[in-house]
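Subject: Structure for your review

Dear colleague,

Please find below the structure that I am handing over to you. My notes on what was found in it come after the sequence and coordinates.

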Amino acid sequence: MTTVLLRRGAELLFALLALSLLVFLLTALAPGDPAEELLRRGGVQPSPESVAALRAELGLDRPLFARYLGWLGDVLRGDLGRSYADRSPVAAEIARRLPATLHLAGVAALVAAGLAVLVSLATALRPRSRLARAVALAAVAVSGVPPYVVGILLISLVAVALRALPTGGADGPGAVVLPAVTLGLAGAATLLRLLRADLGHAVRTPFVRLATAKGLRRRRVVVVHALRVAAPNAVTAAGVMLAELVTGAVVVETLFSWPGVGQLAVTAIRQRDLPVVQAYVLVTATAAVLALALAELCVAACDPRARRR
Amino acid sequence: MLRRVLIALMAVLALLLQGCGGQEPSGQGQEELTLAAPRDLVAGPDDPYYLHQTLGVWEPLVTVDERLRPVPALATSWSAAEQGRRWTFTLREGVRFSDGTPLTAEAVVANVERFLRIAPRPSAFFSLDAGMEAAYGKPAGVRAEDGRVVFELKEPVADLPARLAGFFSMVQSPRAFDPSGGFAGKPVGTGPYTLVEWVKGQRAVLAANPHYRGTAPAYAKVVVRVIPDANARVAALRAGEVDGLIDKGALLPSQVPAIAADARFRVLRSPSVLTHYLTFNASRRPFSDARLREAADLAIDREAITRTLLAGTAAPGAGFLSPVFGDLADPGAATYSPERARRLVAEAGPPSAPATILISSAETGQFPYADIAEVLRTALEQAGIPAKVTVAEATKAVMEAGDYDVFLSAYSVPNADPDYLFRRFLRSDAAWNVERRLGYRSPAFDRLIDRAATETDPAGRRDLYHRAQRLLADDRPMIPLAYQDNPVVTTAQVAGAAQNVAYVVDLGRLAPAT
């Protein structure tokens, strides 16, 4: 287990370094002049002198490589720079918004994983149950609809027609429900299908049959023995999903005015606020890499063979 | 076990839902009002203004009315001397800032000097250009004299109040600023409200200013929420979470008909400074040929575009300046004649390569530009000009490479002076004209707008601007497609909504409907 940890750690560092270079180049080389975009936010055209002055002030006239080294040095010291738009420190802004995104991603992951585990267990326990099949079918169907549309439907139904939950914002404990369900539904289908298929195989393996033959109750056989064998694929998928939840909440956060980092990124991209965009990509990509590494460790813990590989 | 898990889950869900079931209906005759806007109307202490004029925390010397005329705000009157080289503004009496200190001419001067000191400076609203020429022309000095504010200018300015109208003549207490020109704390203004709480990107909370000179606003507290998504904004309105939607782009054109038909809401359609223009690339074929620009102009059915695609929220474009410029706008006339367009194309020789209609992806969210561009493409093709539509993220780079033929985009002005539009976009040496390859060089046009900018006689200035616009109508470097309204909405329980052309809703005049 220790070697696994060490090797994964080294790989992780390399991945993060490559990531930082990509993040910087992709954002810095993207077309569009941040200075001009910033100056024309009110919808009026700035004078060329003002654009030139702002470019110099933001250091955009320096060579690209010098900008990357300066940026990387700052990042390693924990300084993500200042927003071009309102000059506030980016690290503080991200830190302020990250809990909201993690909260949303966490609840969404609970929704997705809960739905997947419950429905697949139900189908494994009672293969002929119509309800379980219908729920599985519905979950897969919903996952094919873009989250934006699902979100709008949930808002019109639950928030506007029933007035049961707020349409957006983050006031009150109920505000997280609709965005989390929207996000969770998008992730549930993959998990559900993987887990159902693997569980179907697992119940037919010899040792599970032996457990049944021993006289264990069906419920205990499926939930304790078969589920553990069936888990690895779904856990890996859950890692990917968790990463997607953190990085992909952009649309849902904007729709529900959820004050997380995704919403910040949308505004920043629109006005070419490079430090914020870079910090957002860096932080979420790091989170994604970490989530995947965590999933791998879980698989290793679940399956002894993975440790030897 | 499964059942137990299920029961536990239901219990958790029930607990979660319980906390949020009973939202109180906000506003509705009480002292509190909740509004929503597409963007954060507070920009923070590093912004030159801190917050938008519409929040009613600060007031300008001069503002604009619903026809873009400069009208008194903190200045009650003004006069020009020495052919527009000296302007004197008389201040309203008995005005106090929200910290209790009186408004003085010295305070106004301190604000102007601060702007000049910190420019150039980007802003979420109207950026301060180097030298502040759009606001003050070429200032030689500004001073307080017998309680009045006097601007001395190196070159005459025809209508300084029009240039100052709005953000460029913001007045806040000099104590609000630190020595470097930033904000020392909260903004301190003279308006009906003060800013009591700001959660960046989420909401601003305003409270009635106890030192306000006029009658206290009907709502003691106003919350302005930020809801960036247009569908979510309308959902919040329908769900009764907000009492109104304000600011630029509060409602999408396509949302207006359904909301306007609903008796629970009052939609206010007031004209705005925003105009949709088509900019031609006349530095390459096909539109280097004036006949083909005219053909394109004739081929467009502006009436149909404004009525259907813009859902009646815009008026068909005709004269170069929007009618909100009042008598400075030349009425002009746009003709729709596909037959004449076809004849002109046949006469000039139909182009072989397709013309590129360029739109910005940043604007497609607010206006149905993808649909409009498609209609334009069809119109051009029917006239005999093959065309294609390109959506670009960074239109500046595309235009500077000269890789477009028509650019569809909306423009507004930061104040009430049309000089800005002509000088920034179309003068022969304008950066827009030169860098974006418009290829428009007209010494006659340059002379007309230069004379108009310093002509202090209103009738003479009007005549010069009308001549300049007729020149543009013939040359067609840019043609107006539509004059956009900015619809805002409140519930029927809120009365008194009024919006000027610069998207400023006077929050102090909102009151419960009786």
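This is a predicted model: local features need pLDDT of at least 70, side-chain atom pairs count only at pLDDT 80 or more; totals for chains, interfaces and linings use all residues.

Overall form of chain B

Chain B contains 16 helices and 21 strands. Its radius of gyration is 25 Å, close to the 24 Å given by the globule rule for 514 residues, so chain B is as compact as a globular protein of that length. Along the principal axes, the C-alpha atoms of chain B fill a box of roughly 80 × 75 × 40 Å. Of its 514 residues, 52% count as buried. Among the contacts in chain B with a separation of 6 or more, 69% are between residues 24 or more positions apart.

An enclosed helix

Helix α13 of chain B, residues 419-426, deserves a separate note. Buried are 8 of its 8 residues, so this helix is largely enclosed by the rest of the structure. The residues concerned are B:D419, B:Y420, B:L421, B:F422, B:R423, B:R424, B:F425 and B:L426. They pack against α3, α14 (431-435), α15 (443-454), α16 (458-475) and β19 (478-491) of chain B.

Backbone geometry in chain B

Most residues other than glycine have a negative phi, and most peptide bonds are trans.

- A cis peptide bond, with omega about -5°, joins B:A119 and B:P120. B:P120 lies in the loop between α2 (105-118) and α3 (133-136) of chain B.
- A cis peptide bond also joins B:R285 and B:P286, with omega about 5°. B:P286 is placed in the loop between β14 (265-280) and α7 (290-299) of chain B.
- B:D146, which is not a glycine, has a positive phi of about 50°. This residue is in the loop between β7 (139-145) and β8 (148-153) of chain B. With 8 C-beta neighbours inside 10 Å, B:D146 counts as exposed.
- B:Y503, a residue other than glycine, has a positive phi near 65°. B:Y503 is in the loop between β20 (494-495) and β21 (511-512) of chain B. Here 24 other C-beta atoms lie within 10 Å, and B:Y503 is buried.

A helix pair in chain A

In chain A, helix α1 (residues 2-29) packs with helix α13 (residues 274-302) at an angle of about 155°, their axes being 10 Å apart. α1(A) and α13(A) are therefore roughly antiparallel to each other, and their crossing is right-handed. On the side of α1(A), the contact includes A:V4, A:L12, A:L16, A:L19, A:V23 and A:F24; on the side of α13(A), the residues include A:L274, A:V277, A:V281, A:L282 and A:V289. The residues of this contact divide into 16 nonpolar, 4 polar and 2 charged.

Contact between the chains

In the contact between the two chains, 49 residues of chain A meet 48 residues of chain B. Several helices of chain A each supply at least two residues of the side that touches chain B: α2 (34-39), α3 (48-58), α5 (90-125), α7 (147-161), α10 (218-247), α11 (250-255) and α12 (261-270). That side of chain A divides into 23 nonpolar, 17 polar and 9 charged residues.

With kind regards

Definitions and conventions. Residues are numbered from 1 along each chain as its sequence is written. Chains are lettered from A and ligands numbered from 1 in the order in which they are written. Helices (H or I, at least four residues) and strands (E, at least two) are DSSP runs, numbered from the N terminus. The radius of gyration is taken over C-alpha atoms; the globule rule is 2.2 Å times the number of residues to the power 0.38. A residue is buried if 20 or more other C-beta atoms lie within 10 Å of its own, exposed if 12 or fewer, and partly exposed in between; C-beta atoms are placed from the backbone. Two residues are in contact if their C-beta atoms, placed from the backbone, lie within 7 Å. Axes are lines fitted to C-alpha atoms, for helices over the stretch in contact, and angles run from 0 to 180 degrees between N-to-C directions. Angles under 35 degrees count as roughly parallel, over 145 as roughly antiparallel, 65 to 115 as roughly perpendicular and the rest as oblique. A crossing is left-handed if the near helix is turned anticlockwise from the far one by less than a right angle, and right-handed if clockwise. Ala, Val, Leu, Ile, Met, Phe, Trp, Tyr, Cys and Pro count as nonpolar, Asp, Glu, Lys and Arg as charged, and the others, Gly among them, as polar.
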